[in-house]
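Take a walk through this two-chain model.

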Amino acid sequence: MKTDISKLLQKNHKQILEDWMTNQLADASLREDLMSNEELGEQSQELLSALLKSINDKNLNDVQSEEFENVYEILSGISMSRARQGYTPRETGMFVLSLKQAIIGTLTKMLKNDPQALVDASFKMNNLLDSLSIMTFETFIKSREEVILRQTDEISEISTPVIRVWDGIVALPIIGTLDSSRTQVVMEALLQEIVESGSTIAILDISGVPAVDSLVAQHLIKTVAATRLMGAECIISGIRPEIAQTVVHLGIDLSNIVTKASLASALRHAFGILQLEVQKKQKDKTVR
Amino acid sequence: MDRIPILRMGQYLLVTIQIDLYDRLATNLESDLVQAVSKTGARGVLIDISALSIVDSFMGRILNNIGSMSKIMDAETVVVGMQPAVAITLIELGLELKGVHTALNVEKGMELLAAKINSAYEDPDEDEAGTE
């Protein structure tokens, strides 16, 4: 006699859900700070219903079956939201794996008298749930990577602000390592701003650059040369002592470029070129 | 059209490149400009490339050549209005245009030319600057 596993499971829907919830709540990695128990219960309920609805005796052997599409969808949604909320892979994995325990537990109880059927059913359910957990991991990692990619974009965007410090003077503080793709972004932003503001002086502040090697220096020289081609003068400021040391040790020639130790002295130099003068306001105490 | 007009204004020559240069046009411009410098005795050459959006290594070399040729004929060259994309391309090609001066726009270019010419000629002969 063959036992219908799917019917059996559907009949014990409530029992499985209860066991599953108990398993999850008992687990040490439960994150009550990220998700309330009610919310967790709803998620579990939704996934289990979808799984039991799409399960039947035929597709139990075929985990790739189209009938599981709905389950996959729900599961990837859950996995994605967990990745964004900051769950660890272990906690996300436990969500699916604890379902397996609950289902196998129920099956063991129901099929106590038929060991052959029990082995058969456990094997199939194992396969199915394993593929579900693999899927969970895949989606989890994919959404994590998306998060990283988005942050990389954001960083490169916020790290190239071109500031108008004065009429005709723009400054660009560079923070973080300069690589060729970043140099491109920096250069484009700087040249664009020079055209838009009609500035004749650009100050490139590298006090936020952690290290200058020959490649970075070459990028800097390129940027300065491009600025000159546009008809503006470029000053490099924020040369820290360590950077000065490495530049000289590497034999990089920066003598054709105006370099200043701090942004303030670069600005003073720029004022000099524009023939501007900064003066302290004279307070006239004799008036009243 | 296979020639770019060269306008004379006082002691300066003005060239505005309004179309994308092809090689023939560029070599013509080079020889015409040198001829014009010698004929008019111009002291400064201003080349406006603000409409130029495509540049290659040949164009970069022509610009450089014009600068060097004018220099030995005692005229300063200013290239004005370069597009950011053009500047980046030239740098990536390794052409820094060392022989020419650059300015952001025509106005600043003229100022620069005037300053260059006046500073070079202030001491030997003061009348030179005023003969326009």
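Chain B has 4 helices and 5 strands. Helices (H or I, at least four residues) and strands (E, at least two) are DSSP runs, numbered from the N terminus. Along the sequence, the order in chain B is β-β-α-β-α-β-α-β-α. The model is predicted, so local features need pLDDT of at least 70 and side-chain atom pairs pLDDT 80 or more, while totals for chains, interfaces and linings use all residues. Residues are numbered from 1 along each chain as its sequence is written, chains are lettered from A and ligands numbered from 1 in the order in which they are written, and side-chain values use heavy atoms, without hydrogens or water.

Chain B counts 132 residues, 44% of them buried. Buried means under 20% relative accessible area, exposed over 50%, and partly exposed in between (1.4 Å probe, protein chains only). A contact is a pair of heavy atoms within 4.5 Å. Among the contacts in chain B with a separation of 6 or more, 72% join residues 24 or more positions apart.

Strands S1 (residues 6-9) and S2 (residues 12-16) of chain B run antiparallel, joined by 4 bridges. Pairing takes at least two bridges found by DSSP between two strands. Ile6(B) faces Val15(B) of S2(B) across the pair. The hairpin leaves 2 residues between its strands, and Gly10(B) takes a positive phi near 60 degrees there.

Now move to helix H3 (residues 84-92) of chain B. Its buried residues are Pro84(B), Val86(B), Ala87(B), Ile88(B), Leu90(B) and Ile91(B). What covers them includes helix H2 (57-72) of chain B, and also helix H7 (180-197) and H8 of chain A. Just after H3(B), Gly94(B) has a positive phi of about 85 degrees.

How much area do chain A and chain B bury between them? About 1,500 Å², with 65% of it on carbon and sulfur atoms. Buried area here is the accessible area (1.4 Å probe) that two parts lose on being put together, summed over both. On the chain A side, Arg228(A), Leu229(A) and Met230(A) lose the most area to chain B, together 43% of what that side buries. In contacts, 17 residues of chain A meet 17 residues of chain B.

On a 1 Å grid over the protein atoms alone, a cavity is a set of points where a 1.4 Å probe fits but cannot get out; a pocket is an open set with protein on both sides within 12 Å along at least five of seven lines; lining residues have an atom within 4 Å of a point. Grid points are joined across faces, edges and corners, and a volume is the space filled by probe spheres set on the points.

The largest pocket holds about 940 Å³. It has 27 lining residues, and Arg228(A), Gly231(A), Ala232(A), Glu233(A) and Thr102(B) are the closest to its centre. Helix H8 (214-230) and strand S4 (233-237) of chain A, with strand S5 (101-103) and helix H4 (106-121) of chain B, each give two or more residues to the lining.

The structure also holds 3 cavities of 30 Å³ or more. Thr259(A), in strand S5 (residues 258-259) of chain A, is in contact with Ile236(A) and Ile239(A), leaving aside neighbours within four places in sequence. Thr259(A) counts as partly exposed because its relative accessibility is 35%.
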